[in-house]
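Reader: I am new to this kind of picture and would like to learn how to read it. Could you take me through it feature by feature?

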Amino acid sequence: MRIALNPDRPGPRLGTPGSKRPSRPRGFVLLWLAALLLPALGVIGTGLTTWSDVRRDAEARLERNAEMLRQHALRAFATQEAILAAISRASTGRDWEAMRQDAELHGLLAELTAAGQPVVRGVLVADDQDRVVSASYEFPARPTDLSDRSYLRELRAGAGQTVGEVLVARPMGWPAFGIARSAPPRPGAEGPRGTLVTSFNPDALAAFYASVVEGPQDVVTLARLDGAILARHPVLPPNAPTGPRPEAAAPLAQLLGLPRGAPPPVLASPFDGTRRLFVAKRVGEWPVAILYGLDQRALVAAWRRRMAAPLASGLAAAGLLLVLTAIAARGAREQQLAAERRMEAEARLAGASRAAAIGLLAAGLAHDVKNLVQAVRSGTRLMESRAEDPAEVRRCAGLLAASAERGRQLVDGMLAFAHGGAELEATELDVAPALRELAELLNRTLGSGWQVKAEIPPELPRARGDRAGFEAAVVNLAANARDAMPRGGRVEIAAWVATVPEAPGGEDLQPGRYVVAAVRDRGIGMDAATLARIGEPFFTTKGVGLGTGLGLASVRGFCERAGGVLRVDSEPGRGTTAAIWLPAVG
Ligand code: ADP
Ligand code: MG
């Protein structure tokens with residue numbers, strides 16, 4: 001029956017820095033990182049997709065609102081056009097003076113204005129001198145001079161239909177912007193023609209825009225292509241510049257030039273500095289565009305609202321993972337501490353077993369020394385009795401010198417063995433000479449009934465392990481062999497090189513070359529129950545005061561520290577082979 005007392009994990013190898021302690025579990029750094037990073041990545045991913053969702057929703061709404069506002073503006077301008085067409089028909093072929101007196105014409109203008117309420121502010125007809133001849137707001141109309149109006153100047157310059165800027169309309173004093181076209185030509189008249197003017201109420205437009213916007217910071221602007229602002233929600237402060245603005249005309253042209261479906265650009269308002277997503281649409285053929293600006297902060301707020309739940313679950317997941325990691329790390333730390341404690345105990349055991357081995361050898365040594373002393377005494381007695389025979393005295397002196405030399409060798413060997421403990425930190429050893437010296441020492445010290453037979457090849461690779469630990473291990477195995485043969489016998493010590501092949505399923509050793517040192521006896525052997533427990537500290541079958549149960553535990557500890565294994569092969573009544581497997585170096 002064979003048993004291998006090997007480490008249940010690949011043990012640390014002697015000689016590597018810090019090899020006496022198991023290295024810190026580095027995997028936990030990754031686990032901690034993963035516990036934080038995985039939920040964080042999840043939240044970031046959700047954040048990005050949510051942001052793109054929020055933006056897509058906003059873009060769709062922006063497009064819908066802008067289109068609705070464009071339709072509204074188109075209808076409003078169409079109404080103005082219809083009004084101008086109606087006045088044009090009513091004034092065709094009539095002279096200025098007749099129109100000035102015509103209450104019916106005034107009635108028509110008032111009716112058209114009422115029909116276009118609230119966005120239509122007023123309607124008037126001006127003569128070829130730019131003076132008002134008929135108006136919706138009063139009868140008879142005061143001949144207010146309109147020649148300073150830019151839309152009239154543009155008409156004179158040849159434009160077919162013009163859109164004016166927001167002005168305070170004379171004589172009523174209300175804010176308005178006009179749409180103007182030339183009056184139909186009068187029969188027989190040459191030179192400048194009169195003008196038909198209808199005007200928008202920008203406040204009414206702004207009120208409608210106010211009812212359309214989604215957020216308090218959203219902006220709707222009706223602007224001329226040259227940047228002049230015609231109507232706006234929120235209403236601008238009275239001193240804000242509303243005339244043509246080249247700095248606004250360029251971005252407006254860019255906005256209008258964007259292809260359909262392009263992402264709306266973010267622009268900062270020159271009035272309040274707020275950054276908004278803008279969509280602009282041209283109003284028919286009119287030199288006018290409608291703009292919708294959506295506050296970017298509203299987007300961020302919507303995103304925050306939608307992120308609350310994923311963020312909370314991300315935090316909860318991170319918390320849970322951290323707690324689990326902490327529990328796992330604590331478990332691993334405890335296991336590591338236990339392993340460290342075990343290694344320390346085993347190292348102490350190694351020292352104890354060496355002391356025991358010295359004690360074990362001391363008995364045999366005393367016996368040898370006694371023999372030597374005996375030889376010296378008989379030598380001196382012989383010298384005394386044969387003092388006259390110089391040849392005999394010389395022979396006795398030679399015998400005494402030989403005895404003294406043997407004594408010196410014994411004491412030297414013992415001292416060397418006793419001091420060996422100092423080199424516990426050594427990392428490699430030469431097994432062959434160590435075993436040869438041990439065999440000689442054991443042969444003298446195991447006792448007179450036991451012989452040691454060594455079979456050691458002349459050359460062996462160097463092996464991992466400290467020499468002192470190795471010697472103590474072999475002495476322990478030899479002592480067990482002796483104890484297994486109470487009536488005396490032969491203890492065999494052998495050594496050889498063995499190879500563990502690659503990937504052998506269920507092997508207890510790493511693949512590679514090993515130096516094996518074995519101690520064999522033909523003694524009482526062990527049954528399965530004993531074999532299963534050997535190597536357990538303090539397990540002994542020997543009587544009180546005879547066994548400590550520390551021998552095999554310390555041999556096993558030595559093998560593990562060196563990255564090897566102790567294999568014990570035993571059968572009751574037939575004997576035992578205990579083999580120390582140490583990794584070969586180089
Ligand atoms: P101890 O020798 O102090 O009892 P060990 O750890 O050296 O402690 O051995 C533990 C037990 O293993 C022994 O008590 C004995 O029962 C058994 N054992 C060890 N080596 C042998 C062997 N060569 N032959 C038979 N039994 C052995
Ligand atoms: Mg023992």
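This is a predicted model: local features need pLDDT of at least 70, side-chain atom pairs count only at pLDDT 80 or more; totals for chains, interfaces and linings use all residues.

Reader: How many residues surround ligand 1, and which are the closest?

Author: There are 18 residues around ligand 1, and the closest are T540, T541, K542, T548 and G549.

Reader: Now a helix, please. How many residues of α12 are buried?

Author: Helix α12 spans residues 551-561 and is mostly covered, with 10 of its 11 residues buried. Among them are L552, V555 and F558, but also E560 and R561. After α12 comes G563, which has a positive phi near 85°.

Reader: And R482: is that residue buried or exposed?

Author: R482 sits in helix α10, residues 467-484. It counts as buried because its relative accessibility is 15%, and the cut-off for buried is under 20%. The R482 side chain also reaches the backbone oxygen of L446, at 3.3 Å.

Reader: Strands next. In which sense do β18 and β19 pair?

Author: The general idea is that strands of a sheet pair through backbone hydrogen bonds, either parallel or antiparallel. In this case β18 (residues 565-571) and β19 (residues 575-583) are antiparallel, joined over 7 bridges. V565 stands opposite W581 of β19. The two strands make a hairpin with 3 residues between them, and G573 in the turn has a positive phi of about 80°. β18 is mostly covered too, as 5 of its 7 residues are buried.

Reader: What is the order of the strands in the open sheet that 5 strands form?

Author: The order here is β9-β8-β12-β11-β10, with antiparallel pairing. β9 (229-233) and β10 (266-268) are the edge strands, each pairing on one side only. On average, neighbouring strands of this sheet are turned by 30° against each other, direction ignored.

Reader: Which helices pack on this sheet?

Author: Helix α5 (residues 202-212) does, touching β8, β9 and β12, and its direction makes about 35° with that of β9. Helix α6 (residues 246-257) packs on the sheet as well, touching β8, β10, β11 and β12, and its direction makes about 70° with that of β11. Inside the sheet, β8 (residues 219-224) pairs with β12 (residues 288-295) over 6 bridges, and T221 has L291 in β12 as its bridge partner.

Reader: Last, how do I read the whole chain, and where does pLDDT stay under 50?

Author: The protein chain has 12 helices and 19 strands, and 43% of its 586 residues are buried. The mean pLDDT is 86, with 88% of the residues at 70 or more. Over residues 7-23, however, pLDDT stays under 50.

Terms used: Residues are numbered from 1 along each chain as its sequence is written. Chains are lettered from A and ligands numbered from 1 in the order in which they are written. Side-chain values use heavy atoms; hydrogens and water are left out. Two strands pair if DSSP finds at least two bridges between them. Helices (H or I, at least four residues) and strands (E, at least two) are DSSP runs, numbered from the N terminus. Axes are lines fitted to C-alpha atoms, for helices over the stretch in contact, and angles run from 0 to 180 degrees between N-to-C directions. Contact means heavy atoms within 4.5 Å. Buried means under 20% relative accessible area, exposed over 50%, partly exposed in between (1.4 Å probe, protein chains only). pLDDT is the predictor's confidence in each residue, from 0 to 100. A polar contact is a pair of N or O atoms within 3.5 Å; within protein, one must be able to donate a hydrogen and the other to accept it, and residues adjacent in sequence count only if both atoms are side-chain atoms. A residue is near a molecule or strand if one of its heavy atoms lies within 4 Å of it.
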